[in-house]
Each structure stands twice: as structure tokens, then as C-alpha cells.
Amino acid sequence: MTASRCTVAWWLNLALRLGLAVVFFWAALDKIAHPNRFADIITDYQMLPTALLNPFAVMLPWVEVAVAVFLALGIWVPAAALLASGMTVMFMIAIAYALAKGAADLHCGCFTTSAEGRGEAWGLLWRDAILLAACAWLFWRTWWVTNVSRETSVSRETIQEAHGGDTRD
Amino acid sequence: MTRLPIFPLIVHCALLVAFGCVAAVVVNAARPDGLPLLPGQVPCPGVPVAWWTRLEHVDAAQAYALWQQRAAVFVDARPHEDYIFNHLPGALEMPYRDFTRAQQQFAELLNSASLIVIYDAGERPCAEAVRVSKRLSGPRIALLRGGYPAWESAGYPVKGGHDRGEVGQTP
């Protein structure tokens, strides 16, 4: 029973890792191809000072690529999942900010920088909420659960040693 | 008491961001349309240095002379409603939001133009005209200083309503 649950969790982790890697890599591609258009899009959010717009437009897609590559390779997965969660929260704050200013229909710059790639703000928020849930779950499984279970098994071994191998604790 | 390894997590996050930023700076420096990362190099965000130095600027009087001589193609980058209300006679309607459709429609005219003059509402220095200019290719591209208001206030001819330069109309 426990073994099958572990297997299901392992496959779920793998699917989420690869799925999120594809999403973040895909999201970065068009921004890398057209950094000038992406700079226009983030200018429209009116959240960053002018001096930071270009560096942000150039660097954000590459951080997305770094996250995607590390998720796909399975290296530093908790850190990659945490960064993915952080970026998704940032996107949600930006969309909510635009929504609060009355922009019900906006160009989020999420997956395309084409001027026609506009979307309904509430729909974009829901999509990001699902993405955030996936990132947060992956982080929770790979960091929190792993470390807590390791600590628990270490504690059990310590207790067993203290009891001279007697497991009746 | 559970001790979670927070420090390695922070270090890994910082390294991931650093990898991304280093790759971004290297690639941006290598590409011809790379954006200036230091403030003050170009007044408008999202405009490569090479593009900005190539961009020409004409005032209303120069634009009128070009218009009279039919020496330039004029592009209106304002929203559709503004174009319908009033525009430069013969100007092509190329609003930023509907750019791809307009570009397809006017491809032949734009490709044969030796000079393209773009104007917008002239309210902000880095608005639609600059954005549209980045998406056009031509031997010479110029921005109309002060935008449409500069042309109108100089008393040069304007045209309201539908025109053959309107998106969706047959040119």
C-alpha cells in the first residue's frame, strides 16, 4: 500500500516537473526572441521604474529558462519549484494590479509578445492560480515532505539506538 | 524539532537567478537588437540602441513637404476611433493592437516606400509611434515630432471618416 502510494507520488512529481519545465520554457521562448516587445508589455503594467524595464525584460525570460532546465533535469528541484512559485505570484500581482486599474482585457505577455495576444484578466488570473498550485505542490513534495520525513526517520533511528534496538517506543 | 535546510535552498535559488541573469546579459550583448541595460542610453524602454540611432525625426513642416511631394508613406499608429475621426490624407491605419493585420494588408506599399513617417497622438514620447516603428522594416523610418496634434495645429490638411488607408478597406 505504502509502496504503491510512493510510486504514484514519484510519477506525479515527475509529471509535474516535466510539465512545469515545458510551460516555463515555452513561456520564455517568445520573450527571448522579442525582448523589445516584451519591454513594451511590461511598460504598460506601469509597475516598474523606467530604468528597470529593459533589464527586467531581458533577464526574466532567462530565469524562466534556468528554472525550466533545472526542473527538467531534476537538479535543485525545490529551489526551481520555489522560484517558479515566486514568479507566478509576481505575474498574478501584476495582472491583479492591471485589473484594479480597470484593464479587464490586457496583454499579459505570458506566452506571446504579439500585439494581438491579449486575454481576459480574470481568465489569466485563474490560469496562473492553477500554475501556482502545481509549483507549490511540487515544492512542498520535494522539499518540505522530503526533509520532514528524513528528520522523522533520523529521530526513529536515534530512539531505536537509545532503546538498544528495541522498537517498542 | 524539525530543522529544515533553508540556507541551501536560498543559495540554490540565488544561483538559479544568477545563471539566468548571466545568460541573459551574454546573449543580449551578442545580439544586434540587444536592449541597453544601463539607464540613459535610449530615452524609450524596449528600443535597441542601433534602432534608436537609425530612427529619424521630422517636424510638421518637413512632414508636410514630404506629403506634398509624395516622397513618404505616412502611417497612423493611433487607435481606430482616432483615425476615423481625423487623419493625414492618405495615411495608412496601423494601430499597434491590430498591427499584424494592417502589416499584411499594406505590405506592398510599405515594402516599396523609401521613407515611412509614423505619427501617433503625440501625448507621450515613447508611445505607439515608437512601438510601431520597431515592427516596420524599411530603408528609412521617421517619427513625426509632436504627432498628429503638431500636424493639425499647423493647419495642414486632414481627412475624417473612411479612407483607402483604413485597415479592412481596399487600398
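**Close-ups of a predicted two-chain model**

View 1. Helices here are DSSP runs of H or I, at least four residues, numbered from the N terminus. The contact (heavy atoms within 4.5 Å) is built from A:Asn36, A:Arg37, A:Asp40, A:Thr43 and A:Asp44 on α2(A), with B:Arg131, B:Lys134 and B:Arg135 on α7(B). By class, that makes no nonpolar, two polar and six charged residues; Asp, Glu, Lys and Arg count as charged, Ala, Val, Leu, Ile, Met, Phe, Trp, Tyr, Cys and Pro as nonpolar, the others, Gly among them, as polar.

**View 2. The largest nonpolar core has 52 residues.** Such a core is a set of buried Ala, Val, Leu, Ile, Met, Phe, Trp, Tyr and Cys residues joined through side-chain atoms within 4.5 Å, with buried meaning under 20% relative accessible area (1.4 Å probe, protein chains only). α4(A) gives the largest share, 13 residues. Among the residues with the most contacts inside this core are A:Leu20, A:Phe24 and A:Tyr45.

**View 3. A:Tyr45 and what it touches.** Leaving out residues up to four places away in sequence, A:Tyr45 touches A:Ala94, A:Ile95, A:Tyr97, A:Ala98, A:Lys101, A:Leu106, A:His107 and A:Cys108.

**View 4. A second, separate core has 25 residues, including B:Cys44, B:Val73, B:Leu110 and B:Ile116.**

Residues are numbered from 1 along each chain as its sequence is written, and chains are lettered from A in the order in which they are written. In this predicted model, local features need pLDDT of at least 70 and side-chain atom pairs pLDDT 80 or more, while totals for chains, interfaces and linings use all residues; side-chain values use heavy atoms, without hydrogens and water.

How values were computed:
Helices (H or I, at least four residues) and strands (E, at least two) are DSSP runs, numbered from the N terminus. Buried means under 20% relative accessible area, exposed over 50%, partly exposed in between (1.4 Å probe, protein chains only).
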